[in-house]
Amino acid sequence: EWCLDGWHDTYKGAPTDGSVWKSPDEKKVLRGGSWLNYPANCRAAFRLRYARDDRNYHLGFRVMMIAPRT
């Protein structure tokens, strides 16, 4: 899952309101794993650091939709 947040080595100073955490680093956070990773890496807490234009056969995306309120 690609995240809008920029890469930071730790969570120190991270926003607590869900807003984007900007960074001078051009690389973005990629969370979770893929079919290529070990099971322990296939969780949202697992983070990687990639440039937005990086391409690799094990990078992908997850489609999500916000459900309408009823």
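Met 65 sits in the segment that follows β3, where strands are DSSP runs of E with at least two residues, helices are runs of H or I with at least four, and both are numbered from the N terminus. With a relative accessibility of 70%, Met 65 counts as exposed, the cut-offs being over 50% relative accessible area for exposed, under 20% for buried and partly exposed in between (1.4 Å probe, protein chains only). Its C-alpha atom is 19 Å from that of Val 20, a residue 45 positions away along the chain.

The model is a predicted one, so local features need pLDDT of at least 70 and side-chain atom pairs count only at pLDDT 80 or more, while totals for chains, interfaces and linings use all residues. Residues are numbered from 1 along each chain as its sequence is written, and side-chain values use heavy atoms, with hydrogens and water left out.

As for the overall make-up, the protein has 0 helices and 3 strands, and reading from the N terminus gives β-β-β. The C-alpha trace spans about 40 × 35 × 25 Å along its principal axes. Of the 70 residues, 26% are buried. Contacts (heavy atoms within 4.5 Å) can also be sorted by sequence separation: among those with a separation of 6 or more, 34% link residues 24 or more positions apart.

The strands make up an open sheet of 3 strands in the order β1-β2-β3, with antiparallel pairing; two strands pair if DSSP finds at least two bridges between them. At the edges are β1 (2–6) and β3 (47–50), each pairing on one side only. Neighbouring strands of the sheet are turned by 40 degrees against each other on average, direction ignored. The axes behind that angle are lines fitted to C-alpha atoms (for helices over the stretch in contact), and angles run from 0 to 180 degrees between N-to-C directions.

Now for the pairing itself. β1 and β2 (residues 28–31) run antiparallel over 2 bridges: Trp 2 is partnered by Leu 30 of β2, and Gly 6 by Lys 28 of β2. On the β3 side, β2 pairs in the antiparallel sense over 4 bridges, and here Lys 28 has Tyr 50 as its bridge partner in β3.

Strand β2 is covered on both faces, with Lys 28 and Leu 30 buried on one side and Val 29 and Arg 31 buried on the other. Val 29, part of β2, counts as buried because its relative accessibility is 3%. Leaving aside neighbours within four places in sequence, Val 29 is in contact with Glu 1, Trp 2, Cys 3, Asp 5, Gly 6, Trp 7, Arg 47 and Leu 48.

Finally, the surface and the charges. The protein exposes about 6,100 Å², of which carbon and sulfur atoms supply 56%; accessible areas come from the Shrake-Rupley method with a 1.4 Å probe, and for residues only the protein chains shown count as cover. There are 12 positive and 8 negative side chains, and the centres of the two sets lie 4 Å apart. Lys and Arg count as positive and Asp and Glu as negative, with His and the chain ends not counted; each charge is placed at NZ of Lys, CZ of Arg, CG of Asp or CD of Glu.
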